[in-house]
Amino acid sequence: MSSPYLPNTDTDRRAMLQDIGVSSAEELFQDVPEKFRHARFKLPPPLSELELKEELRQLSNRNANLDDYTCFLGAGSYRHFIPSIVEHITSRGEFYTAYTPYQAEVSQGTLQAVYEYQSLVCQLTGMEVSNAGMYDGSTAAAEAAIMACIIKKRNKVAVLTTVNPTYREVIDTYVKGRNLSLETVELNSSHLSSDCACLIVQQPNFFGCLEDMEAYAQKAHNIGALLIAIVDPISLGMFKPPGDYGADIAVADGQALGNPISFGGPALGIFACRKEYVRQMPGRIVGKTVDVEGKPGYVMTLVTREQYIRRERATSNICTSEALMALAAAVYLATLGKKGLKQVAELCYHKAHYAAEAIGKLKGYSIVFKQPFFKEFVVRCPIAPPQINQALFKERIIGGLDISHMIDNSMLLCVTEMNSKQEIDKLVKILGTYGED
Amino acid sequence: MGHHYLLPDISQPGKIGCSLPPLDVTPAELPPKELLRQELELPEVSEVELMRYFTALSKLNYGVDTGFYPLGSCTMKYNPKWHEDVAKLPGFASIHPYQLEESVQGALQLMFELQEYLAEITGMNATSLVPIAGAHGELTGLLMVKAYHQDRGDKARRKILVPDSAHGTNPASAVMCGFEIGVVASDNEGNVDMKSLESVMNEEVAALTLTMPTTLGLFDPQIVEISQLVHERGGLLGADGANLNAFLGRVKFGELGYDYVQLNLHKTFSTPHGGGGPGSGPVCAKENLSDFLPPLVTKNNGKYEFISPAKSIGRIANFYGNFGVMVKAYAYIRSLGAEGLREVSENAVINANYLKEKLKAYYYLPYDRTCMHEVVFSGKQQKAKGVHTIDIAKRLLDYGLHPPTVYFPLIVDEAMMTEPTETESKQTLDAYIDAMKEIARDADENPEILHTAPHNTPIRRLDEARAVRNPDLRWEMRSQNLE
Amino acid sequence: MNPKEYKYTQEHEWICPESGNKGKTGLTNYAQSQLGDIVFLDLPAPGTQVEQFKKMGEVESVKAVSDILAPVSGQVLEVNQTAIDKPQLVNEDPYGDGWLVRLELSKPSELDALMDSDKYDAFVAELEEEGSE
């Protein structure tokens, strides 16, 4: 038995078995009923690192990756610029092979980085406190809904129809799990049941458009409910943050902040709220304090909220989250900084508008929504989007998300700072060939 | 410069951390002013200073790459480095979840095969890889239990039973599914007290979730009886698979009678812990529960695609799970094979029993029997001398060793739950044993050094009460202009 | 040791009876020493009805949450806002400034079910002996 990951030799094992007082390792499994102890497993025979690296490389080559293909697809997972420094830091073994920082004295790296992350999230969102991160934007929104119900002691959650449909489904699963109910609210509806604990909105919304957040805040607060805003963190480089328009809880997906798309995971659930609700906030929180010598240090705090203390009375069951992604987000925000994030947001905004204007002029195409938008917009196409996307794919372009089941023959296109003018022009040219008839 | 500052301290107007290209298209009209933000107060720091700052922070941290990390039920085994490299291949890291399925067949194949391997390893029928972490997998399993009983038209099943040794996530997850909790006591051997189970297992119970081996590191030889009793009375048996390292490649949950199991790729399957994630918590289920699983990958005429099982509980996360973590677990299983997995559990169990034998003369062993991959000691002998488990843990840090899990499971006084894993050498274990012996001696002869430990770490014991009473959870940067 | 005029529960709450069927309540010295640094109090609002030996609030230390049980049934008249603002008062002066809630008793005879200070002293002494075995 030899493996690079099994440092003990046969000699070591023999000595240890002797000290234990058994003649073979088999004896150590005596508590397992005999008939279960020798299960057979049909698994492929092992291969070496050298062989597997080649095999996996070939497997990865069977995927069209976004370094080789131009991407105009968003809808919750985004191709944004990741400065190289981010990965150099998250690849340090002291960060990525560490555990959750329960032993604070040897985890100050992780803890201080989380404190920075929490601070940066608050600066970005305009909210007062942030946690250390959750699974992704959708579960963060779901947990925010539950938190609102606990705070307000109400059993209903309201969600706008313009919120990302997959987020709405996740919120529904969580809400129904706790035997609470979900009310869907139409865009310009005046009706909001007074027994709702919260109103959940998205800015920009699923279709890329900016909505009147102050009006929603007022609507929610008028019935004593909380406003939960799902935001695009990159958009906050130029748009008004949730803290400024009256959100009580703000959530987002932090994949866009320095994390690769990675087929949808790992992502990062950003979660921030008003100070007064900190005791009901799920997830880990890091606080600053001092040690016995008066030196400043960081520690997980308000831990009585969490499952390992409160167990069935905890607000959430969350334990492991996405700490390394939060570290990446902190490094990203620190690296882009005050000017850089604004620049990235503006690049997205102007490039998306350039694309929308050009596409809007094409025969057979129209831009569905007239409201201000950020980096995504809905285009009605002359033929079914899947057909267009097949054609684009042949030209090494990944087109927008087909949302024909929501709006006839439409696709949701996304343009970021990663798309050059040439790429946008090429997209427009190819799209143009379908409107001619 | 070190780490004794924060980003606002090193921020100066005009510094930039990275370069960006200029706008290459005609700028559009900006949106109405009411939509725009007035100021964005983020730090301004050069890349040079940022690299030094975060490097300095990393040096304050202790990881598996630094040394021994015997946290019980966490399975802090070595994270193979080549896994990190393959996960970063563009064909894995730079693919979008909504791409045309024919353009990501490599990814779907990997997920499909991983699903099959995990089902085979656990003796189950089907797997969903969607749950994002262990607790998320627990939630998923319980939602499936709820759906199963509702589907049968059985509305009486309001309770989930958990053992008194259960991890906090178990009852917390049950409550998130609208269940009540019932507790099953453990007996003096550390096994399920069958009388207790008899008395609480009835037609109100939807399921018993039982970690195996238990959080005491013990395999309950009554498992067949337990499974029979639960099933006879209409309940399901679910496993928190956190302790799979104990019998990986040797025993199948399915054969023991479990209906579903939730796994932790970031424990048993070597993916790194990341300082608190990302993890991955797949759920494997038998035939009776497979229809309720979240989305999974199927293979149809050689083509891989996502499907949602017939009675799926629905969406529990935005996309398909932590793919970046799955790649590493897949690589691990492919590099070990069935025999390699068996060697993992064998070495893990030898290592834990070795620690048990060598330390039981120094620390009270509440259950003096063969343990599996972890052993639980009690610091109660030291407590009689005024030294608590927390002091022992903090003193271990002075030896450059990470302590075991402390004060869990709750049913052991002054608990020290110790899991060495198979990737530790006898030399490392002997160093730990020597340190623990010295600490036991200090508890007798020099307790003060334990009360005031740690002494040699970057920071000493922290005032946690102050952190709660005067919460300081962030710094603030205000705009200079708004005066 | 423990104030003579007070009455005590097995879960380490005390009540100091006042005239007019009222009483101040709090946690005993043993309770605060077991809990460690107390960091948060969750107390019932004035007007709340409480039931003897049922949960009426929560006390949090850094790493634990414990229920506070009502020593007698009645209605909450006042809560000690000073202790809420400075929870360490419960550690520093559990029988004085660290009082928690003032009640109006609905069933004064319930006081008979509680321990007097001698009984409670003995009760705690036994617990402390058990703890060091």
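## Contacts between chains

Two residues are in contact if their C-beta atoms, placed from the backbone, lie within 7 Å. In this predicted model, four residues of chain A are in contact with four residues of chain C. On the side of chain A that touches chain C, two residues are nonpolar, one is polar and one is charged.

Between chains A and B, 165 residues of chain B are in contact with 164 residues of chain A. The element that gives the most to the side of chain B touching chain A is helix α12 (residues 323-359) of chain B, with 20 residues. That side of chain B consists of 91 nonpolar, 46 polar and 28 charged residues.

Chain A has 437 residues, of which 62% count as buried. Its secondary structure comprises twelve helices and 15 strands. Taken along the principal axes, the C-alpha atoms of chain A fill a box of roughly 85 × 55 × 50 Å. Among contacts in chain A between residues at least 6 apart in sequence, 72% join residues at least 24 apart.

The largest nonpolar core has 343 residues. Helix α10 (residues 323-361) of chain A gives the most to this core, contributing 24 residues. The residues with the most contacts inside the core are A:A145, A:C198, A:I200 and A:I228. Which residues is A:I200 in contact with, leaving aside its neighbours within four places in sequence? Its partners are A:A141, A:A145, A:V157, A:A158, A:V159, A:L160, A:V163, A:I171, A:I228 and A:I230.

## Domains of chain B

The domain assignment divides chain B into domain 1 (7-58), domain 2 (82-336) and domain 3 (344-467). The C-alpha centres of domain 2 and domain 3 of chain B are 30 Å apart. The contact between these domains takes 19 residues from domain 2 of chain B and 17 residues from domain 3 of chain B. On the side of domain 2 of chain B that touches domain 3 of chain B, eight residues are nonpolar, eight are polar and three are charged.

## A buried parallel strand in chain B

Strand β4 (residues 205-209) of chain B is largely enclosed by the rest of the structure, because five of its five residues are buried. Strands of a sheet pair through backbone hydrogen bonds, either parallel or antiparallel. β4(B) pairs in the parallel sense with strand β2 (residues 159-163) of chain B, over three bridges. It also pairs in the parallel sense with strand β5 (residues 236-240) of chain B, again over three bridges.

The residue B:A207 in β4(B) illustrates both pairings: B:I160 stands opposite B:A207, and B:A207 stands opposite B:L236 in β5(B). From β4(B), the chain crosses through helix α9 (residues 223-232) of chain B to β5(B), and this β-α-β crossover is right-handed.

## An antiparallel sheet in chain B

Three strands of chain B form an open sheet in the order β10-β12-β11, with antiparallel pairing. Why is one side of β10 and of β11 of chain B left without a neighbour in the sheet? The strands β10 (375-378) and β11 (405-406) of chain B stand at the edges, and each has a single partner strand, so one side of each has no neighbour in the sheet.

β10(B) is joined by four bridges to strand β12 (residues 415-418) of chain B, and the two run antiparallel. Within this pairing, B:V376 has B:M417 in β12(B) as its bridge partner.

Note on methods: Residues numbered from 1 in each chain as written. Chains lettered and ligands numbered in written order. Predicted model: local features only at pLDDT ≥ 70, side-chain atom pairs only at ≥ 80, totals over all residues. Nonpolar A, V, L, I, M, F, W, Y, C, P; charged D, E, K, R; others polar. Domains from an automatic or database assignment. Core = buried A, V, L, I, M, F, W, Y, C linked by C-beta atoms within 7 Å. Buried ≥ 20, exposed ≤ 12 C-beta atoms within 10 Å, placed from the backbone. Pairing = 2+ DSSP bridges. Right-handed = clockwise from strand over helix to strand, strands pointing away.
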